[in-house]
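The tour moves from one selection to the next.

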Amino acid sequence: MSEQEAVANNAVEEPKTEKAENAVEETKEVKENGTGEVEPVAETEKEAPKEMRAVVLTGFGGLKSVKILKKPEPSVNEGEVLIRVKACGLNFQDLMVRQGAIDSPPKCPFILGFECAGEIEQVGEGVEDFAIGDQVVALPEYRAWAELVSVPAKYVYKLPKDVSHLDAVTITMNYTVAYILLFELSGLTQGKSILVHSVGGGVGQAIVQLAKTVPDVTIFGVCSKGKHEALKTAESPIDHLLERGSDYASEIRKVSPDGVDIVLDCLCGEECNKGYTLLKPMGRYILYGSSNVVTGETKSFFSAARSWWQVDKISPLKLFDENRTLSGFNLRRLMYQQHGDEYVKQTVQKVFSLFQEKKIKPLLDSTWALEDVAEAMQKMHDRKNVGKVILDPSLEPKPKPATPAKGKNKEDKKKQSSEEKKEPEEKKEENAKEEKKEEPVVNGDSAGDSPDSKKEASS
Ligand SMILES: NC(=O)c1ccc[n+]([C@@H]2O[C@H](COP(=O)([O-])OP(=O)(O)OC[C@H]3O[C@@H](n4cnc5c(N)ncnc54)[C@H](OP(=O)(O)O)[C@@H]3O)[C@@H](O)[C@H]2O)c1
């Protein structure tokens with residue numbers, strides 16, 4: 001069974017907690033001791049808490065730690081709204097959270113996800129801007145990938161009429177980040193040139209579209225070769241499409257010997273130095289991600305350390321002499337730790353306006369059922385997504401290839417071994433001789449392997 005199947009098959013009930021088991025015991029006791037005439041104590045008649053499906057991270061690491069579990073429906077606290085989730089955004093950050101490769105993650109188990117859209121079902125005390133039935137998108141700190149989520153109202157944004165839930169999770173996180181990078185931090189103006197890494201992804205495509213709302217901007221976009229055709233087909237307005245892993249700095253210098261005005265780096269590590277060196281005088285370099293830290297399926301301390309060591313430590317004096325600017329941007333920290341929620345809310349409104357004016361057209365890669373989250377994450381990890389990846393709780397999971405029933409397997413094995421025992425010794429010897437005669441020899445080895453394993457070995 002593949003790892004993704006294992007995760008999908010994990011759509012199971014959570015084991016009962018000790019408290020829940022005691023509650024069941026108590027109920028049993030009252031009923032058993034009752035006379036049948038007296039009504040059981042009201043408490044024993046209490047309805048079981050309603051449950052919902054959620055994508056839960058049970059431990060930091062690989063895809064096996066991502067499980068679809070039944071969790072109690074959340075209640076609404078003061079200042080919060082309860083959202084019935086219709087679509088969730090998958091972001092690269094979720095891969096890093098799964099690995100435990102981000103700063104101060106919560107303790108496992110917890111519900112994953114930072115982006116969802118849906119309808120408000122309840123409004124907590126003190127919330128004035130929202131009403132039941134409002135269509136919204138939210139950027140909660142975790143817990144977004146569930147059928148229901150309670151979110152502080154300050155992280156929730158009302159959807160304009162013509163913005164669907166799907167549009168909302170394709171736009172909100174990616175275009176808000178891209179907007180801040182381009183128009184707040186880079187000071188993008190007419191005629192400037194930009195280097196964009198991971199240009200085929202969610203944020204990458206948002207940067208390209210927003211940048212092209214400014215006249216005469218030149219975009220150098222770097223991404224995996226496998227995405228180039230799809231980006232051309234999608235008519236993504238990237239002026240110079242370059243291959244990840246190539247000597248892209250030399251390629252850029254061939255077109256623009258002085259370098260570029262703006263570098264937007266979400267990779268970190270050695271890309272920092274290359275990007276800084278490519279800056280023209282008055283150029284700006286912004287670090288907004290560290291994707292290079294992700295190597296295998298689980299967190300690598302070596303990659304994290306290497307990424308840190310590879311970055312040149314630049315003195316302000318050097319910046320002064322070279323007329324260059326360095327910045328950094330981290331939406332998660334700005335919103336949840338640095339009280340930037342109002343600033344972000346205003347930016348979200350600007351992005352929605354651009355969408356309504358049809359100045360941006362989000363690129364959707366694929367939509368997945370909650371149960372298929374592992375496959376969706378794997379696609380992003382394999383660098384195969386072109387645009388945004390979305391989870392839709394209303395979707396049916398993909399049918400999984402049938403695996404032989406366990407019981408039957410055991411039966412077959414039992415039967416086989418008892419037949420083997422029955423087989424007379426001389427017949428065994430005869431069979432062995434026959435088999436030896438028929439066995440072809442491949443590359444000097446005895447070809448006793450299955451045809452499949454031969455195929456794998458030769459490929
Ligand atoms: N600072 C912030 O507030 C903020 C907010 C959102 C996102 N981000 C950052 O923006 C970047 C893009 O995020 P996204 O959510 O839009 O994801 P995305 O670009 O849609 O998908 C991930 C893409 O990243 C590239 N990539 C680079 N290194 C990779 C690695 N080690 N393993 C797998 N893929 C790798 C791959 O494309 P190629 O192979 O084509 O490069 C992959 O397809 C990420 O670095 C993310 O952390 C930052």
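## A tour by selection

Start with helix α5. The model is predicted, and in it the buried residues of α5 are covered by elements that include α4 (165-185), β9 (193-196), β10 (218-223), β12 (260-265) and β16 (388-391). Select residues 202-211 to show α5 itself: ten of its ten residues are buried, so the helix is largely enclosed by the rest of the structure. Among these buried residues are Gly 202, Val 203, Ile 207 and Leu 210.

Now zoom out to the whole protein chain. Colour it by secondary structure to show 16 helices and 18 strands. Of the 459 residues in the protein chain, buried residues make up 36%. Among contacts in the protein chain with a separation of 6 or more, 68% are between residues 24 or more positions apart.

Next, select α4 together with helix α12, residues 341-356. How do these two helices lie relative to each other? They pack at an angle of about 105°, with their axes 9 Å apart. Angles of 65 to 115 degrees count as roughly perpendicular, and α4 and α12 are therefore roughly perpendicular to each other. To see the contact, show the side chains of Ile 171, Thr 172, Tyr 175, Thr 176, Tyr 179 and Ile 180 on α4. On α12, show Val 344, Thr 347, Val 348, Lys 350, Val 351 and Phe 355. By class, the residues of this contact are eight nonpolar, three polar and one charged.

Then turn to the ligand. Which residues come nearest to the ligand? Of the 31 residues around it, these are Gly 201, Gly 202, Cys 223, Gly 289 and Leu 331. Gly 202 was already selected as one of the buried residues of α5. Helices α3 (92-99), α4, α5, α11 (331-336) and α13 (373-381) each supply at least two residues of the shell around the ligand. Sorted by class, that shell has twelve nonpolar, 15 polar and four charged residues.

The last stop is a sheet. Select β1, β2 and β4, which form an open sheet of three strands in the order β2-β1-β4, with antiparallel pairing. The edges are β2 (66-72) and β4 (110-111); each has a single partner strand, so one side of each is left without a neighbour in the sheet. Strand β1 covers residues 51-57 and is joined to β4 by two bridges. To find one of the residue pairs, select Leu 57, whose bridge partner in β4 is Phe 110.

Terms used:
Residues numbered from 1 in each chain as written. Predicted model: local features only at pLDDT ≥ 70, side-chain atom pairs only at ≥ 80, totals over all residues. Buried ≥ 20, exposed ≤ 12 C-beta atoms within 10 Å, placed from the backbone. Helix = DSSP H or I, 4+ residues; strand = E, 2+ residues; numbered from the N terminus. Contact = placed C-beta atoms within 7 Å. Pairing = 2+ DSSP bridges. Axes fitted to C-alpha atoms, helices over the stretch in contact; angles between N-to-C directions. Parallel < 35°, antiparallel > 145°, perpendicular 65-115°, else oblique. Nonpolar A, V, L, I, M, F, W, Y, C, P; charged D, E, K, R; others polar. Near = placed C-beta within 6 Å.
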